[in-house]
Amino acid sequence: DASNGRQDSNQAKAPDAAKTEATPSTAESLFGDDYDISARLARLRSAWQDSDDEPPEAPAQNDCTSLDASAETSWELNQAEAEQLAALLQTRRLPLVSPHEQPLLLALLQDIGAAPTASDLDECGRRYMQAYEIHAAINRQHISRSSVARERAAVMQHMSSEDCCWALHSECQGTIVHKMLKSLGSDLDWPALRSAGLGIWIKDMAALKTVLEALPRSIIKKQGQDIKPEAVALWYAVLGRRTLLAALYRQQKQERVADLLSKDLAEDPWRTKAQKNAFELIRQRRFELACAFFIFARSSRDAVEVCVRYMDDWPLAAVVAQHLRAGGDEEAGVELRRVLLDDLQPLATHAGDPWLA
């Protein structure tokens, strides 16, 4: 009897199990082992249509925006919201955001500017200026914590070689230089130009001359009444303005240097004396003035060697050699090629940088 009772119980349960397996709304029948998302959604919709239950209601329009709607609607910040976000980024550390990424967010919020859409730039120039505006905006941020400032300086020391390649292939380098000088303003100096990759990408000689003429003006303007001729000696030497540099030294009562600069240092015996003074200046670690005397003495190789070997500044060497070559110095052209092949190429290979190579 007990055996018969168990059989009757199993027979009674069997139809219910079969009915459960046949029901299309169960998780197993809907998803099973099928990993095709589209097939899963299709079966889910079919289950809703076959069942008497209503499908879940879509969220209200004011609670959530669908993906399709968000793709068609542009998202913009008004001025008040932008100021609130800027204040938040300046006063609070965001989770999962590194110390140098947070200033980048602030720069993107405040200083993304009109450069990327400038109509007087070609596509390569526009891409470079977009990266430069972010780079310059990061440098303009004044963050009180010194540790963050040090990290930012390490990260933003130079623009990437990829960005510099865009400027290299731009046919609007004059416009790029104009915008760069305007952006730097009174902060114009060689470190700022070097960090912007000028030594890598400049090939427009008229634009380069504009930069070289603006540099000493900016340096002297920042010095005010206390003019130090040595700070601008290199740039006046590259520009060939020996008499003007001599006048600056005479104005500062440095008569011996002024008297030497008043001579034609490209001709003997003054050429030999200028070279001897340059080597003595190297011993004193006054490298910029030493480089200036080498340039006045028409010794381009030694001038470039000072930039590379003693100042560890191959972009400066490239700028000096390029401008001297444009002025007819054939030796400078040879030195420029040597800088590119012997200094830049191994650096790019060692770093695994295809853009710099």
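Student: Why is Y128 called buried?

Tutor: Y128 has 0% relative accessibility, and buried means under 20%, so Y128 counts as buried. Keep in mind that this is a predicted model.

Student: What makes Y132 buried?

Tutor: The relative accessible area of Y132 is 1%. The limit is under 20%, so Y132 is buried. Y128 and Y132 both belong to helix 7 (residues 123-140), four residues apart, which is about one turn of the helix.

Student: How do you know whether the rings of W190 and W235 are stacked, edge-to-face or tilted?

Tutor: Their ring centres are 5.8 Å apart, and the pairing limit is within 6.5 Å. Their planes stand at 50 degrees, while stacked needs under 30 and edge-to-face over 60, so the pair is tilted. This pair links distant parts of the chain, with W190 in helix 11 (residues 190-195) and W235 in helix 14 (residues 233-239), 45 residues apart. Both tryptophans, W190 and W235, are buried.

Student: How many aromatic pairs are there in the whole structure?

Tutor: A search finds five aromatic pairs. In one of them, Y128 and Y132 are 6.3 Å apart centre to centre with 20 degrees between the planes. Since the stacked class takes planes under 30 degrees, this pair is stacked. Y128 and Y132 also form one aromatic cluster with W201.

Student: Which residues have the most contacts inside the largest nonpolar core?

Tutor: They are Y128, Y132, M180, L193, W201, F293 and I295, in a core of 81 residues. Helix 18 (residues 287-296) gives the most to this core, with nine residues. As for F293, leaving out residues up to four places away in sequence, the residues touched are L260, L261, L265, A274, A278 and L281.

Student: What makes I282 buried or exposed?

Tutor: The relative accessible area of I282 is 12%. That falls under the 20% limit, so I282 is buried. I282 is part of helix 17, and beyond its neighbours within four places in sequence it contacts F287, A290, F294, V306 and Y310.

Student: Which residues of helix 19 are buried, and what do they pack against?

Tutor: In helix 19 (residues 300-310), the buried ones are S300, A303, V304, V306, C307 and V308. The buried residues of this helix pack against helix 17 (270-283), helix 18, helix 20 (314-326) and helix 21. Just after helix 19, D312 has a positive phi of about 55 degrees.

Student: Why is L340 called partly exposed?

Tutor: L340 comes out at 37% relative accessibility. Buried would be under 20% and exposed over 50%, so L340 counts as partly exposed. L340 sits in helix 21 (residues 330-351). From L340 to W314 there are 26 residues in sequence and 8.7 Å in space, C-alpha to C-alpha.

Notes:
Residues are numbered from 1 along each chain as its sequence is written. This is a predicted model: local features need pLDDT of at least 70, side-chain atom pairs count only at pLDDT 80 or more; totals for chains, interfaces and linings use all residues. Side-chain values use heavy atoms; hydrogens and water are left out. Helices (H or I, at least four residues) and strands (E, at least two) are DSSP runs, numbered from the N terminus. Buried means under 20% relative accessible area, exposed over 50%, partly exposed in between (1.4 Å probe, protein chains only). A nonpolar core is a set of buried Ala, Val, Leu, Ile, Met, Phe, Trp, Tyr and Cys residues joined through side-chain atoms within 4.5 Å. Contact means heavy atoms within 4.5 Å. Rings of Phe, Tyr and Trp (its six-membered ring) pair if their centres lie within 6.5 Å; planes under 30 degrees apart count as stacked, over 60 as edge-to-face and the rest as tilted.
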